[in-house]
Amino acid sequence: MKLPIYMDNHSTTPCDPRVVDAMLPYFTEKFGNAASRNHSFGWEAEGGVDQARKHIADLIHADAKEIVFTSGATESDNLALKGVVEMYKEKGDHVITTSTEHRAVIDAAKSLEKKGIQVTYLPVDKTGRVDPDDVRNAITDKTILISIMLANNEIGTIHPIAEIGKIAKEKGVLFHCDATQGVGKIPVDVRELGVDLMSFTAHKIYGPKGIGALYVRRKAPRVRLVPMIDGGGHERGMRSGTLPVPLIVGFGKAVELCAQEMPEESVRTMALRDRLQDGIMGALEEVYLNGHPTERLPGNLNISFAYVEGEALLMGVKEIALSSGSACTSATLEPSYVLRALGVGSDLAHSSIRFGIGRFTTPEEVEYTIDRMIKAVNHLREMSPLYEMAKEGVDLKTVQWAVH
């Protein structure tokens, strides 16, 4: 086993060597522009793009013509929200989303609010799931779009997307799903889920950074978008710009590998995740699982360690790449808005750590992480006067702290 250990696979994943091998020829020998239709270099590049587009469409049970390439999921989310709102502004001005979406959706929604669009941010329950009835009750005759993620990037909770899809269809409202964390890790069928637009990206599934896609339904209903980028009319006018052929080929290969290996890979990552969870939670008291206990991504584990500061814990295990539940915004350290939406108190939100198990995680790395986390938590708690007081039976909520 080599140090450092990578346990942050929700942030990004390493490129699978097989993906790199598939991409390499498109940097040198097959370097043509996929839009050059009058010579073999262009045809060869276009052929690589077409094959990748088909692999991606097949994975989510779509038609290849419904896949629009973007620079990543953030662009896909922005194109979906802003493109739909602009196209359908005569029909209405109301969008529904949740309070735990990725920043790419929340910030796009905030941007739309500045332009007069009404946005409803639905709450989630203590496991991070949205109630489909809340979605139904939020719909008005002005609602033009619902945007709810498939699986949460921090806590791994999977939303009841198919139920929400039925409601959207019944009400005649377009439904966008940010599936960035779910595609390639759990089975996704856009028809069964009833979604009209879906965002995802390559770098979360062992593909290259800088390439993503937006699924745009072509019939029943045919979804139309106002483009954000104007130019040569690439991607059927929805996203102009010369296609990054090597990245697209890599995306296609990454998706092809996910389709082949997902059944056994999800079982393996879930087993490693469960071992990590049992090892840590079985040895330490006052540790709490964040998110849904069962309806969650196979490789996700988010735990709060009471009486321990998340950033201090990360510094204590520097040889393990993890993510804290705190987001550093300007000069203040704010606890995760996702955990706060679950009703997790500020102290516990500050003490949360996200573990992301992936394709290349080994059992030895998991055992090492368990051992190091237990030692680090115990060490930090030994230095914590709050932990000592709690152990002595003092109710910290009732303590009157002196202000100097």
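## Stop 1

Select Ser-304 and then Ser-352, its bridge partner in E15. This is a predicted model.

The open sheet here has four strands in the order E9-E10-E15-E12, and the pairing is antiparallel. At the edges are strand E9 (287–289) and strand E12 (323–324); each has a single partner strand, so one side of each lacks a neighbour in the sheet. Strands in a sheet pair through backbone hydrogen bonds, in a parallel or an antiparallel way.

## Stop 2: the helices across that sheet

Show helix H12 (residues 363–382), which lies across E9, E10 and E15 and runs at about 20° to E10. Then show H8, which also lies across E9, E10 and E15, at about 10° to E10.

Stay on H8 and select residues 245–283. How far apart are the end C-alpha atoms of this helix of 39 residues? They are only 49 Å apart, while a straight helix at 1.5 Å a residue would reach 57 Å. Look for a kink of about 70° at Glu-261 in H8, shortly before the proline Pro-263.

Further along, select Arg-273, which is also in helix H8. Is Arg-273 buried or exposed? Its relative accessibility is 4%, so Arg-273 counts as buried. Leaving aside residues up to four places away in sequence, Arg-273 touches Arg-296, Leu-297, Pro-298, Gly-299, Asn-300, Leu-301 and Ile-357.

## Stop 3: two cysteines

Select Cys-15 and Cys-258. How many disulfides does a search of the whole structure find? The search finds zero. The sulfur of Cys-15 has its closest cysteine sulfur in Cys-258, 12 Å away, which is too far for a bond; the cut-off for a disulfide is 2.5 Å. Cys-258 is likewise in no disulfide, since its nearest cysteine sulfur is that of Cys-15.

Their surroundings can be compared by accessible area. Cys-15 is partly exposed, at a relative accessible area of 31%. Cys-258 is buried, at 1%.

## Stop 4: the seven-stranded sheet

Next, display the other open sheet, in which seven strands follow the order E2-E8-E7-E6-E5-E3-E4 with mixed pairing. E2 and strand E4 (118–122) are its edges; each has a single partner strand, so one side of each is left without a neighbour in the sheet. From one strand to the next, the twist averages 20°.

Walk through several of the pairings:

- E3 and E5 run parallel and are joined by three bridges; His-94 is opposite Thr-143 in E5.
- E5 and E6 are also parallel, over three bridges, and Ser-147 is opposite His-176 in E6.
- Strand E6 (residues 174–178) pairs with strand E7 (residues 197–201) in the parallel sense, over three bridges. The bridge partner of His-176 in E7 is Leu-197.

Helix H2 (residues 40–59) packs on this sheet and touches E2 and E7, with its direction at about 115° to that of E2.

Colour E5 by accessibility: five of its five residues are buried.

## Stop 5: helix H4

Select helix H4 (residues 103–113). Which residues of H4 are buried? They are Ala-104, Val-105, Ile-106, Ala-108, Ala-109 and Leu-112. In an α-helix there are 3.6 residues a turn, so residues three or four places apart point the same way.

Show what surrounds these buried residues of H4: they pack against helix H3 (73–87), strand E3 (94–98), E4, strand E5 (143–147), E6 and helix H10 (337–341).

## Stop 6: Ile-67

Finish at Ile-67, in strand E2 (residues 67–70). Ile-67 has 0% relative accessibility and so counts as buried. Not counting residues up to four places away in sequence, Ile-67 touches Arg-53, Ile-56, Ala-57, Ile-60, Ala-213, Leu-214, Tyr-215, Glu-235 and Arg-236.

Notes:
Residues are numbered from 1 along each chain as its sequence is written. This is a predicted model: local features need pLDDT of at least 70, side-chain atom pairs count only at pLDDT 80 or more; totals for chains, interfaces and linings use all residues. Side-chain values use heavy atoms; hydrogens and water are left out. Buried means under 20% relative accessible area, exposed over 50%, partly exposed in between (1.4 Å probe, protein chains only). Helices (H or I, at least four residues) and strands (E, at least two) are DSSP runs, numbered from the N terminus. The expected span of a helix is 1.5 Å times one less than its number of residues. The bend at a residue is the angle between axes fitted to the seven residues ending there and the seven starting there. Contact means heavy atoms within 4.5 Å. Two strands pair if DSSP finds at least two bridges between them. Axes are lines fitted to C-alpha atoms, for helices over the stretch in contact, and angles run from 0 to 180 degrees between N-to-C directions.
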